[in-house]
Amino acid sequence: MKKSLIAMGAALACLGTAHAESSVQLMGLMDAYAGSVRMAGDADRTSVVGSGGLTTSWFGFKGTEDLGGGLKAGFLLTSFLRVDTGSPGRFNPDPFFSRDASVSLSGGFGSVALGRGMAPNFLPTILLNPFGDSFTVSPLVLHANMSTVGWPAGNLTTPADTGWSNQITYTTPSFGGLKANLHYQFGEQAGNSGKSNIGLNVMYFGGPLTLMGFYERADISNPVPPNSLMNRKSDWMLGGAYDFCMAKAYLTYGQAKVDATDFTGKTFSLGAEVPVLNKAGAIKAAMARTKATTGPGEATRTTASLGYDHFLSKRTDVYAVGMYDKVTDLSSGTSFVVGIRHRF
């Protein structure tokens with residue numbers, strides 16, 4: 001695999017130097033942490049060295065070519081990586097390029113991309129909480145995507161992963177800070193042409209104010225097993241953030257629904273980020289509360305995190321986060337992690 005990656009990198013580098021109007025970039029992020037973890041309902045505490053404390057580690061390539069007349073072609077080819085073991089992917093069955101694998105055309109009309117890329121839920125979820133895309137300590141991200149012993153997968157609100165395969169994505173131009181992404185994932189199921197994933201997100205960036213929302217309806221699982229049909233699940237969220245200079249506040253509310261199982265999930269989240277030390281560091285706090293109902297059954301999960309993130313440079317930061325997790329009728333859990341994150 002190493003030889004293949006080296007050969008791929010060499011080929012892409014040659015492509016980038018062959019044409020002045022083209023560029024190819026190697027990029028990525030490595031994030032590793034050490035800590036003690038115990039989620040709600042866990043019988044025992046676990047000491048770990050893990051990957052992706054604040055951001056899921058990844059690496060890959062992106063490239064663009066100027067076709068003239070304002071038209072550009074581009075590609076994204078990026079892979080998740082577990083720094084603690086060196087294993088590719090977020091988990092063992094994850095496809096190698098499960099983060100991005102797409103080709104696109106862009107211009108004054110916006111852009112159109114074909115292939116695997118972000119699902120509608122991803123950007124609003126990570127941009128409207130102070131812990132971003134942390135699948136380890138962000139309460140909002142955990143409630144949407146990560147099951148535990150005390151919180152089964154059926155209670156999660158994200159219908160079909162944070163990325164969709166086999167999709168067409170159209171991104172509008174920006175209109176005074178307002179833009180949208182429209183997503184359609186083909187089911188690729190013979191005889192089930194009506195089965196697909198559809199969704200959109202709308203984002204507004206206006207000075208200190210950020211407003212976002214998304215809606216998605218999913219029939220197809222992602223990314224494994226590929227194109228497997230599931231019970232139709234819908235999910236939406238609205239939220240916003242406001243930067244008061246002295247602090248930035250976050251607020252979201254969303255619902256998920258599965259008609260076949262009579263499931264509803266309602267999630268409310270709050271967050272705050274306070275810059276310190278001339279903005280070299282930031283104190284982060286967040287809370288999410290989800291009420292999950294399936295028929296007569298009902299459970300509530302509350303998760304809260306408090307941490308500090310300090311930048312040693314523009315590309316490297318260190319962090320420490322404590323987290324509390326509680327589910328109805330189960331023992332509570334507390335976790336603490338310290339880590340380092342580096343971008344390249």
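This is a predicted model: local features need pLDDT of at least 70, side-chain atom pairs count only at pLDDT 80 or more; totals for chains, interfaces and linings use all residues.

Q: OK, what does D100 form a salt bridge with?
A: With R99; the closest N and O atoms of that pair are 3.2 Å apart.

Q: Is D100 buried or exposed?
A: D100 is buried, at 8% relative accessible area. Buried means under 20% relative accessible area, exposed over 50%, and partly exposed in between (1.4 Å probe, protein chains only). R99 comes out as partly exposed, at 26%.

Q: How many salt bridges are there by that rule?
A: The count comes to 13. In one of them D161 pairs with R90, with 3.0 Å between the closest N and O atoms. D161 lies in the loop between α3 (139–145) and β8 (163–171), and R90 in the loop between β5 (87–88) and β6 (100–107), so the pair ties together parts that are 71 residues apart in sequence. Helices (H or I, at least four residues) and strands (E, at least two) are DSSP runs, numbered from the N terminus.

Q: And how far apart are the closest N and O atoms of D161 and R116?
A: 2.9 Å, and that pair is a salt bridge too. It links distant parts of the chain, since R116 sits in strand β7 (residues 110–118), 45 residues from D161.

Q: Which residues are linked in a network with D161?
A: R90, D94 and R116 are linked with D161 in a network of salt bridges. As for cover, D161 is buried at 17% relative accessible area and R116 is buried at 7%, while R90 is partly exposed at 22%.

Q: Switching topic: where is T125 found, and what does it touch?
A: T125 is in helix α2 (residues 122–127). Leaving out residues up to four places away in sequence, T125 touches L140, V141, F214 and M237; contact means heavy atoms within 4.5 Å. T125 counts as buried, at 7% relative accessibility.

Q: Which strand does N201 lie in?
A: N201 lies in β10 (residues 196–206) and is buried, with 2% relative accessibility. Beyond four places in sequence, the residues that N201 touches include P120, P124, H183 and F214.

Q: Zooming out, how many helices and strands does the chain have?
A: There are 3 helices and 18 strands. The radius of gyration is 20 Å, close to the 20 Å that the globule rule gives for 344 residues, so the chain is as compact as a globular protein of that length. That radius is taken over C-alpha atoms, and the rule is 2.2 Å times the number of residues to the power 0.38.

Q: What share of the residues is buried?
A: Buried residues make up 44% of the 344. Of the contacts with a separation of 6 or more, 53% come from residues 24 or more positions apart.

Notes:
Residues are numbered from 1 along each chain as its sequence is written. Side-chain values use heavy atoms; hydrogens and water are left out. A salt bridge is a side-chain nitrogen of Lys or Arg within 4 Å of a carboxyl oxygen of Asp or Glu.
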